[in-house]
Amino acid sequence: MDNARRVRSIAAPQGNAAMDHVFIEGLEIEALIGIYDWERRVRQTLVFDLEMAFDNRVPAASDDIAHTLDYKAVSTRIREYVAQSGFGLVETLAERVAEIVLAEFPVQRLRLKLSKPGAVRGARAVGVMIERTRAA
Ligand SMILES: Nc1nc2c(c(=O)[nH]1)N=C([C@H](O)[C@@H](O)CO)CN2
C-alpha cells in the first residue's frame, strides 16, 4: 500500500474526538509589556506555550518537513511579532498572537498560554490561557 492510501485508511477523528497536536513549550521572548510606568521602560521575559491542532498522519507517512506544521517556523514568526510589540495587557498580546498563527499557518484550533514570570510577588508566573478556532 502506498503512503497516501495508508494515510487515508487510518480513521480520522470525528466530532469532538481527540486530535493530533503540534506544540511549542516554554518559548521565551523579551518584550515591552505592562500597564505601569516602569514597565514601559524595560523589557520583560514572556513565556509562550502553544498546542496547535494538526493532522500529523500526513507528514508521518511522507517523512517530509514540507507536510508538517513546522514548529520552528511558527516560533520564529511569534518571536518576530512579540519582540516589536508593546501592549499594556497580556490579554491583548495573546489575542494578536493567536490571530497570526491561525491566519498564517494551517492550524484549525489552538490553545495558547502566555506567562509573565515574576510579575506578582510570591507567584512563579501569572498570565492568560486562551483557546481559539479559525473562523469558517
Ligand atoms: N489580567 C491582567 N492583569 C494584570 C495585567 C494584565 O496584563 N492582565 N498586568 C498587570 C501589570 O502589568 C503587572 O503585570 C505588573 O506586575 C497587572 N494585572
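Which residues in helix 3 meet which residues in helix 4?

Analyst: This is a predicted model, where local features need pLDDT of at least 70, side-chain atom pairs count only at pLDDT 80 or more, and totals for chains, interfaces and linings use all residues. Residues are numbered from 1 along each chain as its sequence is written.

From helix 3, Val74, Arg77, Ile78, Tyr81 and Val82 take part. Their partners in helix 4 are Leu93, Val97, Ile100, Val101 and Glu104. Contact here puts C-beta atoms, placed from the backbone, within 7 Å. Eight of these contact residues are nonpolar, none is polar and two are charged. Nonpolar covers Ala, Val, Leu, Ile, Met, Phe, Trp, Tyr, Cys and Pro; charged covers Asp, Glu, Lys and Arg; the others, Gly among them, are polar.

Now the geometry. Two packed helices are described by the angle between their axes and the distance between the axes. Helix 3 spans residues 71–83, and helix 4 spans residues 90–104. Helices are DSSP runs (H or I, at least four residues), numbered from the N terminus. The two pack at about 140 degrees, with axes 11 Å apart. Axes are lines fitted to C-alpha atoms over the stretch in contact, and angles run from 0 to 180 degrees between N-to-C directions. Helix 3 and helix 4 are therefore oblique to each other. Under 35 degrees counts as roughly parallel, over 145 as roughly antiparallel, 65 to 115 as roughly perpendicular, and the rest as oblique.

Note on methods:
Two residues are in contact if their C-beta atoms, placed from the backbone, lie within 7 Å.
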